[in-house]
Amino acid sequence: MVSIQGGIGDVFILPVAGVGNPPSPNFPQRLLSLASLKIDVKAKNVNLMGQNQYPDDVMTSDKEASIEIEVGRVGIDLINMAAGETIATGRTDMVIDEGGPGGTAVPVTPFQITVTGSANFVDDLAVMNAATGQQLQKVTSGPTAGQYSFAAGIYTFSTADNVSGVKVKISYTKAVTATGRTLSLGNHLQGFGPVVRVLANCPYTSPIATSPFGAINARSVKFNEIGMPFKRDGYLMVPMKGTMYPDGSGTVVDLWSPSAAS
């Protein structure tokens with residue numbers, strides 16, 4: 001059968017019940033803003049070499065099958081398809097440049113600024129002089145000009161910076177316990193990980209021939225690589241790479257075709 005195949009269809013990732021370490025929560029994921037899908041099935045050939053230049057026989061030996069996906073819409077549930085962790089309620093927010101863009105003036109004695117998120121304060125990130133863009137130096141106590149200290153979301157500055165009229169922008173993190181979600185990746189024993197199924201359809205074929213396959217069904221996949229290549233001038237396109245292997249029936253992948261044999 002001769003056919004011209006093109007385009008990328010729809011791809012779904014489904015957790016496989018009863019094997020591996022399933023993610024929690026556990027539900028199928030449809031991939032959106034899909035940029036590419038690549039499946040490779042490779043076999044090692046072992047040559048029987050005699051006195052001649054070409055082998056007397058060729059034996060098919062070890063086989064491997066891999067899958068690569070690049071997707072533009074990604075959430076922590078999709079990432080958890082490779083991690084197999086339990087997603088918790090709550091999150092940590094980054095507060096960037098509180099007091100900006102003009103900055104907050106260093107007040108009179110005791111020269112302290114209490115950030116709005118002080119009740120749920122987690123970590124100090126940085127303090128910047130709003131006028132000069134210069135970062136202030138963090139010290140444990142007794143700050144002098146160009147320095148600051150902090151405790152539980154209360155930032156202390158120097159008399160000198162108050163007198164000179166320094167205005168600051170403060171960045172920090174705070175906990176949000178009631179909303180949001182957190183995926184934390186743990187250090188597990190060897191072998192830990194979820195097993196998923198990848199199902200992809202092939203929507204396009206030339207008008208003069210019927211598609212040789214309508215869908216691809218990879219029965220058991222373990223993802224071993226997920227990247228996050230952020231760019232200054234582009235979208236985050238996340239690559240996902242995994243290994244395909246046989247399920248309990250011994251089958252690795254199915255190719256489903258809508259056409260009859262020619």
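The dialogue below takes up these features in turn.

Modeller: Keep in mind that this is a predicted model.

Biologist: Is S149 buried or exposed?

Modeller: Buried means under 20% relative accessible area. S149 has 8% relative accessibility, so S149 counts as buried.

Biologist: Where does S149 lie, and which residues does S149 touch beyond four places away in sequence?

Modeller: S149 lies in strand 10, residues 147–151. Leaving out residues up to four places away, S149 touches V139, T140, S141 and P143, along with I154, Y155 and T156. For a distance, take F121, 28 residues from S149 along the chain. The C-alpha atoms of S149 and F121 are separated by 14 Å.

Biologist: Now pairing. In which sense do strand 2 and strand 3 pair, and over how many bridges?

Modeller: Strand 2 (residues 11–20) pairs with strand 3 (residues 29–48) in the antiparallel sense, over 3 bridges. Look at F12: R30 in strand 3 stands opposite.

Biologist: How many bridges join strand 2 and strand 13?

Modeller: There are 6 bridges, again in the antiparallel sense. Strand 13 covers residues 194–201. There, A200 is the bridge partner of V11.

Biologist: Last, the surface. Which residues form a nonpolar patch?

Modeller: M94, I96 and L125 do. Together they have about 310 Å² of accessible area.

Biologist: Why does I96 count as exposed?

Modeller: The cut-off for exposed is over 50%. I96 counts as exposed because its relative accessibility is 52%. I96 is found in strand 5, residues 88–98.

Methods
Residues are numbered from 1 along each chain as its sequence is written. This is a predicted model: local features need pLDDT of at least 70, side-chain atom pairs count only at pLDDT 80 or more; totals for chains, interfaces and linings use all residues. Side-chain values use heavy atoms; hydrogens and water are left out. Helices (H or I, at least four residues) and strands (E, at least two) are DSSP runs, numbered from the N terminus. Buried means under 20% relative accessible area, exposed over 50%, partly exposed in between (1.4 Å probe, protein chains only). Contact means heavy atoms within 4.5 Å. Two strands pair if DSSP finds at least two bridges between them. Patches are made of residues with over 30% relative accessible area and no salt bridge: like charges are joined within 9 Å, nonpolar side chains (Val, Leu, Ile, Met, Phe, Trp, Tyr) within 5 Å. Accessible areas come from the Shrake-Rupley method with a 1.4 Å probe; for residues, only the protein chains shown count as cover. A salt bridge is a side-chain nitrogen of Lys or Arg within 4 Å of a carboxyl oxygen of Asp or Glu.
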